[in-house]
Amino acid sequence: MTNVASTPAVKAGTSTETRQIVLKEIGAKWNKFSEQDLSALKNKDDVVTQVVAKYGLDKAQAQRDVDALMRGRHI
């Protein structure tokens, strides 16, 4: 009776629905990501790399920001 979308921690093997929720959250926080950019993301490292490239943040700051958004989640 658990709803994946409301579960705070999602284990490896993330469902398609959960992945879409996470990608929407990424797109909402960083609006310079196109739909194509979002669909190409494979993991947190990809998100960090793209945040650095699109927003000019240093890698350490981008990593902190991504970690805060993704805490307990996997894409």
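Visitor: What pattern does the chain follow along the sequence?
Guide: The pattern is α-α-α-α. The chain has 4 helices and 0 strands. Helices (H or I, at least four residues) and strands (E, at least two) are DSSP runs, numbered from the N terminus. This is a predicted model, where local features need pLDDT of at least 70, side-chain atom pairs count only at pLDDT 80 or more, and totals for chains, interfaces and linings use all residues. Residues are numbered from 1 along each chain, and side-chain values use heavy atoms, without hydrogens and water.

Visitor: Why are α3 and α4 called oblique to each other?
Guide: Helix α3 (residues 44-55) and helix α4 (residues 59-70) pack at about 130 degrees. Angles run from 0 to 180 degrees between N-to-C directions, with axes fitted to C-alpha atoms over the stretch in contact. Under 35 degrees counts as roughly parallel, over 145 as roughly antiparallel, 65 to 115 as roughly perpendicular, and the rest as oblique. The pair is therefore oblique.

Visitor: Which residues of α3 and α4 meet?
Guide: In α3, K44, V47, V48, V51 and V52 meet K59, A62, Q63, V66, D67 and M70 of α4. Contact means heavy atoms within 4.5 Å. By class, there are 7 nonpolar, 1 polar and 3 charged residues. Ala, Val, Leu, Ile, Met, Phe, Trp, Tyr, Cys and Pro count as nonpolar, Asp, Glu, Lys and Arg as charged, and the others, Gly among them, as polar.

Visitor: What share of the chain is buried?
Guide: Buried residues make up 21% of the 75 residues. Buried means under 20% relative accessible area (1.4 Å probe, protein chains only).

Conventions
Buried means under 20% relative accessible area, exposed over 50%, partly exposed in between (1.4 Å probe, protein chains only).
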